[in-house]
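Please read them with the structure open beside you.

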Amino acid sequence: MDADLVSIQEARDAAQAAAAAQKQFKTATQDDVDRIVAACVEAGAAEAKRLGQLAHDETGFGRPESKEQKNLFATRTLAAQMDGMRTAGIVGKSDDGNVWTVATPMGVVAALVPSTNPTATAFYKALIALKARCGIVMSPHPRAARCTAEALDVIAQAATDAGAPPHLLACLGRTDAGVTIAGTDALLEHPDVDVILATGGGAMVRAAYSKGKPAYGVGSGNVPVYVDRSANVEKAAADVLTGTSFDWGTLCSTERSVVADSPVRSRMLDALRERGGHVCSDEETRKLRAIIKPGGRFNTDLVGQSPRRIAEMAGFSVPDGARALVAEVDAVGPDEPLSMETLSPILSFYVADGWEAGCERCLEVLEFGGIGHTLALHATSDRVIEQFALKKPSMRIVVNTVAALGSVGMTTDLFPAMTLGPGTLGGSITSDNVTPLHLVNLKRVAFETAPLNDDHGEPLAEGAAPPRSAARSERARSERARPARATPPRPERTNGAAAHPSGDGSWMDEIEARLVARAGNQEVGAANRKVGAATRQDGAATRAERGGVGEGPPRPEERGGADALPLPEGEIDALVRRFRS
């Protein structure tokens with residue numbers, strides 16, 4: 001059978017099954033969700049090493065030990081950050097109690113998973129979907145279909161064992177047809193899919209945004225690192241090499257260019273050499289440049305390869321322990337291949353005189369490929385840090401740390417994520433590190449704070465309604481002061497506006513007791529009740545003739561004398577509320 005047809009049918013079946021399972025899971029309590037997520041985290045962490053090796057073996061990218069570390073990051077580090085996060089039911093109330101926030105899941109997520117981080121991204125997306133009470137169907141990169149599916153299986157089995165519905169988590173590519181573009185398109189367009197979570201190359205992300213669904217996408221990184229004259233140069237060099245050598249540069253947030261302030265150029269190059277950076281000669285730089293875009297197209301064979309392997313491809317040699325290939329250049333753009341994102345440990349090196357010039361050079365790099373994503377800054381000058389924060393078009397500016405790991409939240413307090421939004425500058429609807437809350441709809445329950453009608457359905461006179469701030473504070477005071485009752489009191493009016501009891505409840509309780517005792521509060525006979533009713537009707541008519549509103553307690557003469565009858569219980573309540581108002 002045609003491979004596309006098989007892949008399309010697999011996508012349809014998976015989306016339908018996930019939607020049916022999600023309808024069951026969407027009513028799970030927060031305790032149930034957290035228990036299931038915890039079980040999945042432990043299952044994923046236990047397989048971190050095996051799956052890291054499998055990802056390396058299947059794709060040929062990166063370093064197994066780095067992939068293991070990413071798998072642990074996408075399970076245990078992520079779980080620690082999600083601990084206590086409320087994603088089910090009423091998750092918040094405003095201070096005055098006038099607005100409640102209720103979390104509901106978005107539904108079924110279609111997730112695109114890249115070949116550069118196939119198992120860690122599968123763990124991460126599955127866990128944030130579960131935390132949000134969503135279902136998820138993954139479409140892996142064909143080059144990483146097996147390891148992505150195995151990572152998802154680990155999470156899915158643990159979730160089912162912990163009580164989640166079967167088929168809530170799924171991955172395409174199970175058939176002999178593998179994963180095809182037609183199958184992925186069928187998934188993204190399926191009516192049971194509610195939101196798309198795309199991580200991958202620019203073409204993949206643009207395809208996700210073209211499907212007419214809500215979507216979160218990320219773009220390329222091409223991260224520049226500015227090293228100011230105020231920086232700790234030795235630490236800056238160590239951080240840069242840690243980033244470029246981590247999984248051999250396969251993270252989009254990996255350092256791609258160093259822009260060194262001219263007074264620290266020599267120190268920075270020496271510090272890179274001392275820590276394993278191979279600073280290329282002019283001839284080696286020329287050879288390296290030649291293999292990046294042969295024939296005008298990017299050479300994907302460079303992705304995730306070691307410096308030694310890349311040097312061999314270019315026709316020169318470097319020590320086995322080399323951590324990056326550093327090439328000093330002076331241009332940015334299509335005519336300088338070394339200025340582009342290569343997803344490898346190739347590091348271009350620029351010099352700029354002063355932070356203003358460094359700022360401009362970083363901007364050039366970002367605009368060539370990576371705008372909106374990430375910028376790294378090494379400086380101790382508050383003014384320099386502040387100016388970069390204000391002027392650079394990057395949604396993550398990490399300071400004095402490893403860009404590759406700081407931007408994803410491993411060495412900073414940013415949310416741990418394998419999907420980093422570059423904002424509208426980078427063509428994405430989000431500038432955040434994507435969290436479970438991006439897969440949750442937040443609905444609001446809002447109570448009236450500026451009434452147009454009173455409690456009897458009568459329109460309030462213009463200007464009679466309290467200001468919004470006063471209404472909010474009055475509501476808060478009322479909620480704190482109102483004594484517990486089996487049934488709520490009958491609404492009363494005072495000068496056309498609803499009355500609100502207030503007070504701390506102590507001395508008011510004593511007044512209430514005295515009023516009840518004085519009224520006698522004994523049962524009255526049917527005849528007395530009739531007399532009392534007639535008296536109250538007469539009194540109401542008299543007050544109406546005088547222009548009164550008519551809901552306050554009658555005067556003594558209207559009752560036929562203070563001692564003629566005890567106060568009925570309804571009037572006692574009304575009088576108490578008048579005292580409280």
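1. Phe368 is located in helix H13, which spans residues 355-368. Helices (H or I, at least four residues) and strands (E, at least two) are DSSP runs, numbered from the N terminus. Phe368 is partly exposed, at 30% relative accessibility. For this and later points, buried means under 20% relative accessible area, exposed over 50%, and partly exposed in between, with a 1.4 Å probe and protein chains only. Leaving aside residues up to four places away in sequence, Phe368 touches Asn222, Val332, Gly333, Pro334, Ser339 and Met340; contact means heavy atoms within 4.5 Å. Phe368 and Pro334 are 34 residues apart in sequence, and their C-alpha atoms are 8.1 Å apart in space.

2. A word on the basis of these notes. The model is predicted, so local features need pLDDT of at least 70 and side-chain atom pairs count only at pLDDT 80 or more, while totals for chains, interfaces and linings use all residues. Residues are numbered from 1 along each chain as its sequence is written, and side-chain values use heavy atoms, with hydrogens and water left out.

3. On the overall make-up, the protein has 19 helices and 17 strands. Of its 581 residues, 50% are buried. Among contacts with a separation of 6 or more, 73% are between residues 24 or more positions apart.

4. Which residues have the most contacts inside the largest nonpolar core? They are Leu130, Met138, Leu169 and Leu439, in a core of 64 residues. A nonpolar core here is a set of buried Ala, Val, Leu, Ile, Met, Phe, Trp, Tyr and Cys residues joined through side-chain atoms within 4.5 Å. Not counting residues up to four places away in sequence, Met138 touches Ala111, Val113, Ala122, Lys125, Ala126, Leu152, Ala170, Cys171, Leu172 and Leu187. Another core, of 31 residues, lies apart from the largest one and includes Tyr226, Ala311, Ala352 and Val384.

5. Helix H2 (residues 30-46) packs on helix H6 (residues 145-161) at an angle of about 140 degrees, and their axes are 8 Å apart. Axes are lines fitted to C-alpha atoms, for helices over the stretch in contact, and angles run from 0 to 180 degrees between N-to-C directions. H2 is therefore oblique to H6; angles under 35 degrees count as roughly parallel, over 145 as roughly antiparallel, 65 to 115 as roughly perpendicular and the rest as oblique. From H2, the residues Ile36, Ala39, Cys40, Ala43 and Gly44 meet Val154, Ile155, Ala158 and Ala159 of H6. By class, this contact of H2 with H6 has eight nonpolar, one polar and no charged residues. For these classes, Ala, Val, Leu, Ile, Met, Phe, Trp, Tyr, Cys and Pro count as nonpolar, Asp, Glu, Lys and Arg as charged, and the others, Gly among them, as polar.

6. Helix H3 (residues 48-59) and helix H4 (residues 64-82) also have axes 8 Å apart, with a packing angle of about 130 degrees. H3 is thus oblique to H4. Ala48, Lys49, Leu51, Gly52, Gln53, Ala55 and His56 of H3 meet Pro64, Lys67, Glu68, Asn71 and Leu72 of H4. The contact of H3 with H4 divides into five nonpolar, four polar and three charged residues.

7. How are helices H11 and H12 placed, roughly perpendicular or roughly parallel? The axes of H11 (residues 282-292) and H12 (residues 307-314) come within 9 Å and cross at roughly 90 degrees, so H11 and H12 are roughly perpendicular. Lys287, Leu288 and Ile291 of H11 make the contact with Ile310, Met313 and Ala314 of H12. This contact of H11 with H12 has five nonpolar residues, no polar ones and one charged.

8. Two backbone sites deserve a look. Arg133 has a positive phi of about 65 degrees although it is not a glycine. Arg133 sits in the loop between helix H5 (118-131) and strand E4 (135-140) and is buried, at 6% relative accessibility. Asn400, also not a glycine, has a positive phi of about 55 degrees. Asn400 is in the loop between strand E14 (394-399) and helix H15 (403-406) and is partly exposed, with a relative accessible area of 30%.

9. Lys93 belongs to strand E1 (residues 89-93) and is exposed, with a relative accessible area of 52%. Lys93 touches Val99 and Trp100, not counting residues up to four places away in sequence.
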